[in-house]
Amino acid sequence: MNSGDISRRTVLSATGAAALAGLLGACGSNTGRGGGSGQALKQWYHAYGEPGVQQAVERYAGSYDKATVSVQWNPGDYDSKLAAALLAAGGEPDVFESVTQISAVRSGQIVPLDDVIASAKDDFTKTILAGHTVDGQVYGVPQAVDMQMLFYRKSMFDAAGVKPPSTVDELVDAARRLTKGDVKGIFAGNDGGVAVLGGPALWSVGLDYVTAGHDVGFDEPSAAVAIGKLRELYASGAMLQGAVKDWAEPDAFTQGLVAMQWTGLWTVPAVQKALGDDFGVLPWPKLDDNGRASVPVGAYGAMVNAKSKHVDEAKAFIKWLWVDRTDYQEDFNLSYGFHIPPRESLAAKAGKLTTGVAADAVRFVRDNAKSSNPPDWAPSMSSALDDAVSRVVREGADADTELRAAAQKARDELKRLYG
Amino acid sequence: MRRSDTRAFWLFVGPFAVGLLAFVYVPIGWSAALSFFDARNTVTPTDFVGLANYADMLTDGPFLRSLGTFSAFALFIVPTTFVLSLGLALLVNRITVMQAFFRSVFFLPAACSYVVASLVWKLSIFNGVRYGLANTVLGWFGVDPIAWVGSTDPPWYWVVLVTLRLWLQLGFYLILFIAGLQRIPKHLYEAAWIDGAKPGWQTLRYITLPQLRTTSVAVLLLNLIAAYQAFDEFYNVLGTAQGYPPFARPPLVYLYYTSLGSGEQDFGHGGAGAVLLALVIAAVTLVQGKAITR
């Protein structure tokens, strides 16, 4: 649920607010303990942007009868706060949502949940589940799928006589031809798409972050070609830079500043409200026949803190909420924002996902999904690649040299992790 | 009598000392200790690695590059801040009407939150679309909108960052200088005038600046440390939810992402970087202090 990220990012800046939230949270934590039936569990969520989510998750927790579950809602910098909590010895929270990272697995911060998910494992979208799997074991039960894709304005394409692009070259060409006066061809973030298009660019030539054999996936000459295309787009003058809101919000697109924008599924309701049906969605296209069109997907997973004093109870709670109670999962995914249930049986059944751009999105997740943040793609590796892509795209550095250096750094890390 | 003195001493100093120990010295010592361990996602590591983290940081491109960038930044921003705040202080000090008003006006930005100011600079004054304030003004002269924060060639983001920093910090140093100026005895100037010195450059060069020496040293040192410790406005102007670009990246921002980045906390390398940064600041400060005080 990336609309949560938006508010998270905005508030992230206000470190003071985050600290305050921590203090308030600490006060709140006393109230959940004590009374009630059975064990007391503590569950953490980050602050989702959509109204109603907090009440919903509190309602789910409240209706669990095997333990008293107190929900803590965490506005502000959730990741840092969670990281600090997991370092502490207290074992709180027992249950939380996060992305699975190999470092958390290797340092024994989270516990495997294979037995929890066993009964429904085949029902979860493969790519999504793979995002929570390390060394063959599942560490997070996916809650809601988020994805990024390319939004395009149909009327602007028609007026310019441009067809929706099916290759990267067509996309660059379309962006150029759609740039006219105050309208730019495409917006993919104020950094020129560096932070979000690196993955899609690699996938467009059939490469990846990390191979199945835990080796660097982009130490190939074609990586330089793929990232070079991002540079071409950036330098073409067809890319909007310096919009007020960043790529995660649809404002540049809905205000007519651009004909295309790379953003996320979560913006669909806002775009529909502003533009009606004058827009369509596409995956990031392929560059050559080695590659494929792609959409980055990810999902927060429910996890159990290995230091929790109630690991078994916490696992039972996760099984109840995120495996057994499909009605709650459906409610969580479809009643508040705009997300795709990670379970294919639920996604297939959801009425509002069967038509229009939503149906397209569901199809992309089925056919074109790539994990935006695979567990073995550690932050130190991704920051090395992001730095390289940034230098190539924004500063015109030599793509081959930069990517090779990033690949070397990633290879060192992978060697450390897998030997 | 003596015993109660001691008790009073600890009564007053105790809480402060305990706080200082618990929240400053222990964390500093702890992070220095962590720098000798492979401390990933743990603050109680067991894997001692000696100086390996330091070796990594000193061969690691990003950290050294950011140290280099911010040494250059310090070379520029320290003299600039110094000259501008001194100039403003001289002007404000000479004003005879509404001096308190002007002093407050120039000091006010120092009371503003860095985060708030960064957002104002980034989102309204220097946003990249045509209706941003700076671009609106440029538009009157027929200049195309500039992507202030996004553009790297030329690096317009420095305009945003430097103006923001000056706006936020000048007021503070201005107050230090005004305090210094008001401590200079009037009779020194009167004696100089009697001896035929002209008001203006001569008195500035031979009376004001020498008398301001201690203030100047303090301002320069604070400024230099602040330049190397830059974080807030950089983080809030250039940082995004996905991370921070590799240019204009302050050492502290790089270390922040290394040790507290989402999903992986590498306290070993982060601690080593923090120690190295502290050493650099100490060394540069000592050299500067020596150079000025001779």
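Three bridges join strand E6 of chain A to strand E9, residues 280-282 of chain A, and the two run antiparallel. One place to look is Phe151(A), whose bridge partner in E9(A) is Val281(A). Before I go on, this is a predicted model.

Staying with E6(A), there are two further partners to show. Strand E10, residues 295-304 of chain A, is joined to E6(A) by six bridges, in antiparallel fashion. Within that pairing, Ala144(A) has Tyr300(A) as its bridge partner. Strand E8, residues 258-264 of chain A, is also antiparallel to E6(A), with five bridges joining them. There, Gln148(A) stands opposite Gly264(A).

How many residues of E6(A) are buried? Twelve of the twelve, counting residues 141-152, so the strand is largely enclosed by the rest of the structure.

Helix H4(A) is another enclosed element. Seven of its ten residues are buried, so the rest of the structure largely encloses this helix as well. The buried residues of H4(A) include Tyr78(A), Lys81(A) and Leu82(A). Ala83(A), Ala85(A), Leu86(A) and Leu87(A) are buried there too.

Next, salt bridges. Over all chains the count comes to 28.

Asp331(A) pairs with Arg59(A), and the closest N and O atoms are 3.2 Å apart. Asp331(A) is buried, at 17% relative accessible area, whereas Arg59(A) is partly exposed, at 43%.

The other two both involve helices H9 and H11 of chain A. In one, Lys229(A) meets Asp169(A), with 2.7 Å between the closest N and O atoms. Lys229(A) belongs to helix H11, residues 221-235, and Asp169(A) to helix H9, residues 168-178, so parts 60 residues apart in sequence are tied together by the pair. Here Lys229(A) is buried, with a relative accessible area of 17%, and Asp169(A) is partly exposed, with 36%.

In the other, Arg176(A) forms a salt bridge with Glu232(A), and the closest N and O atoms are 4.0 Å apart. Arg176(A) sits in H9 and Glu232(A) in H11, so to speak of sequence, 56 residues separate these distant parts of the chain. Both ends are partly exposed: Arg176(A) has a relative accessible area of 41%, and Glu232(A) has 30%.

Now the interface. Which residues make contact, in number? On chain A there are 40, in contact with 36 of chain B. The two chains bury about 3,000 Å² between them, with 51% of that on carbon and sulfur atoms.

Two salt bridges are counted between chain A and chain B. One salt bridge has Arg249(B) with Asp387(A), the closest N and O atoms being 2.7 Å apart. The count of residue pairs in polar contact between the chains is seven.

Which helix of chain A gives the largest share of the side that touches chain B? That is H18(A), with eight residues. Helices H1, H4, H5, H10 and H19 of chain A are also among those that each supply at least two residues. By class, this side of chain A has 15 nonpolar, twelve polar and 13 charged residues.

Last item: a network of salt bridges links Glu413(A) and Arg416(A) with Asp38(B), Arg40(B) and Asp266(B).

How values were computed:
Residues are numbered from 1 along each chain as its sequence is written. Chains are lettered from A and ligands numbered from 1 in the order in which they are written. This is a predicted model: local features need pLDDT of at least 70, side-chain atom pairs count only at pLDDT 80 or more; totals for chains, interfaces and linings use all residues. Side-chain values use heavy atoms; hydrogens and water are left out. Contact means heavy atoms within 4.5 Å. Buried area is the accessible area (1.4 Å probe) that two parts lose on being put together, summed over both. A salt bridge is a side-chain nitrogen of Lys or Arg within 4 Å of a carboxyl oxygen of Asp or Glu. A polar contact is a pair of N or O atoms within 3.5 Å; within protein, one must be able to donate a hydrogen and the other to accept it, and residues adjacent in sequence count only if both atoms are side-chain atoms. Helices (H or I, at least four residues) and strands (E, at least two) are DSSP runs, numbered from the N terminus. Ala, Val, Leu, Ile, Met, Phe, Trp, Tyr, Cys and Pro count as nonpolar, Asp, Glu, Lys and Arg as charged, and the others, Gly among them, as polar. Buried means under 20% relative accessible area, exposed over 50%, partly exposed in between (1.4 Å probe, protein chains only). Two strands pair if DSSP finds at least two bridges between them.
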